[in-house]
Protein chains: 2
Amino acid sequence: MAEVTAGLSIGQVAERTGLSVHALRFYEQQGVFVSPIRRGVGGRRSYSEDDVDWLTVCIILRASGMPLPALRRYADLVRAGAGNEEERLALLKEHHGRVTTQLGRLTQCLDLITFKVGVYEDLLDRYAAGRDRPRPSVGGDVPASRPGTSA
Amino acid sequence: MAEVTAGLSIGQVAERTGLSVHALRFYEQQGVFVSPIRRGVGGRRSYSEDDVDWLTVCIILRASGMPLPALRRYADLVRAGAGNEEERLALLKEHHGRVTTQLGRLTQCLDLITFKVGVYEDLLDRYAAGRDRPRPSVGGDVPASRPGTSA
DNA sequence: CTAGGAGCTAGAGCCGGCTCTAGGTCAACC
DNA sequence: GGTTGACCTAGAGCCGGCTCTAGCTCCTAG
């Protein structure tokens, strides 16, 4: 039913993951792959579908801020096979926590930015309504330092 | 009414912002401050409340991924004074968009991580229920590469 | 009067994560 | 049979963002 999948070249994997060939080799060298990438004629890398699947998980973990060493630790655990699931779970949970925290922080930041955008929009509205009178030193941000003002 | 605020030392600012004194000098050199930091006796930096206020905004923008050059551009605009509010707004809006995008991405990542945590929790539950039988090659992640499996 | 401690400048160093280069192999095409 | 193009390895380089060092100046306390 399933053909003996030919394996993808590094270029193909780069194309479909969005990573550069450099990054792919770098990741391999950093040990983030679970199984060693097979080699074809002339020592060329031949990626299996599983490799690519794993890679896409890695990409998501990276995108959520997991550092390469952690990714390698995870790969090490999976490579070691069944029996260390608690450790994998712990690793994932820890990362989950960090991502959650980061989401919270980012949301707070977004609130401030949204607020400041609002302030400037209002300001510009008022400029427009009041026939172009950009009053100096007014806005969400004070141009120069004055003794005791804040916003 | 307001005393002529004495100004804070770099150490004090470091302490209350969480930045290092190194980072503070670095930021200054990078031009992220709106007004030049005044100097006291012996050339020591003396930060005003406004400086610190601005800094806290900067910290939030940094935390949301705004690169230092963008921060400097923003500071440049504010320093230039009234009249460029559209540019400031554009800059903020652009950053707002990037943060929103990043929030979306991060949320997606979190979904995957949550899913995987769930998979491993179920797995461990089943191990526990089934009197310790860690069946090889089962889990959210496949230890070795097999012809045609995915999850 | 000397020893600390905080600050100063200029510049080097570091870390994570790629990215690029040099120099080479191989297969395929014209 | 020469050129192109994709790949290989090893290792250098780069970028952002700090962080640290060296060598100095002050001020204050003991």
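Read along the sequence, chain A runs α-α-β-β-α-α-α. That pattern is made of five helices and two strands, where helices (H or I, at least four residues) and strands (E, at least two) are DSSP runs numbered from the N terminus. The model is predicted: local features need pLDDT of at least 70, side-chain atom pairs count only at pLDDT 80 or more, and totals for chains, interfaces and linings use all residues. Residues are numbered from 1 along each chain as its sequence is written, while chains are lettered from A and ligands numbered from 1 in the order in which they are written.

**Chain A as a whole**

Select chain A. Of its 151 residues, 23% count as buried. A residue is buried if 20 or more other C-beta atoms lie within 10 Å of its own, exposed if 12 or fewer, and partly exposed in between, with C-beta atoms placed from the backbone. Among the contacts of chain A with a separation of 6 or more, 49% join residues 24 or more positions apart; two residues are in contact if their C-beta atoms, placed from the backbone, lie within 7 Å.

**DNA strand D**

Next, select DNA strand D and the residues around it. There are 17 of them, and Ser9(A), Gly11(A), Arg45(A), Pro67(B) and Leu68(B) come nearest. A residue is near a strand or molecule if its C-beta atom, placed from the backbone, lies within 6 Å of it. Colour the helices: H1 (10-17) and H2 (21-29) of chain A, and H2 (21-29) of chain B, each supply at least two residues of this surface. The most comes from H2(B), with three residues. By class, the surface near DNA strand D has seven nonpolar, six polar and four charged residues. Here Ala, Val, Leu, Ile, Met, Phe, Trp, Tyr, Cys and Pro count as nonpolar, Asp, Glu, Lys and Arg as charged, and the others, Gly among them, as polar.

**DNA strand C**

Move to DNA strand C. Two or more residues of the surface come from each of H2 of chain A, helix H1 (10-17) of chain B and H2 of chain B. Which helix gives the most to the surface near DNA strand C? H2(A) does, with three residues. The surface near DNA strand C divides into seven nonpolar, six polar and four charged residues.

**H4 and H5 of chain A**

Show helix H4 (residues 68-80) and helix H5 (residues 85-129) of chain A. Their axes come within 9 Å and cross at roughly 160°; axes are lines fitted to C-alpha atoms, for helices over the stretch in contact, and angles run from 0 to 180 degrees between N-to-C directions. H4(A) is therefore roughly antiparallel to H5(A). Angles over 145 degrees count as roughly antiparallel, under 35 as roughly parallel, 65 to 115 as roughly perpendicular and the rest as oblique. The crossing is left-handed, a term used if the near helix is turned anticlockwise from the far one by less than a right angle, with right-handed for clockwise. To see the contact, pick Ala70(A), Arg73(A), Tyr74(A), Leu77(A) and Val78(A) on H4(A), then Glu87(A), Arg88(A) and Leu91(A) on H5(A). These residues comprise five nonpolar, no polar and three charged.

Staying on H5 of chain A, select Asp125(A). Is Asp125(A) buried or exposed? Asp125(A) is exposed, with 10 other C-beta atoms within 10 Å. A distance drawn from its C-alpha atom to that of Val34(A), 91 residues apart along the chain, reads 57 Å.

**H4 and H5 of chain B**

Switch to chain B, where the axes of H4 (residues 68-80) and H5 (residues 85-129) come within 9 Å and cross at roughly 160°. H4(B) and H5(B) are therefore roughly antiparallel to each other, and their crossing is left-handed. On H4(B), Ala70(B), Arg73(B), Tyr74(B), Leu77(B) and Val78(B) meet Glu87(B), Arg88(B) and Leu91(B) of H5(B). The classes in this contact are five nonpolar, no polar and three charged.

Two stops remain. Pro69(B) is in H4 of chain B and is exposed, with 11 other C-beta atoms within 10 Å. The C-alpha atoms of Pro69(B) and Gln30(B) are 8.0 Å apart, although 39 residues separate them along the chain.

Last, select His95(B), in H5 of chain B. His95(B) is buried, with 23 other C-beta atoms within 10 Å. Beyond its neighbours within four places in sequence, His95(B) is in contact with Ile113(A), Leu61(B) and Met66(B). Between the C-alpha atoms of His95(B) and Ser46(B), 49 residues apart along the chain, the separation is 30 Å.
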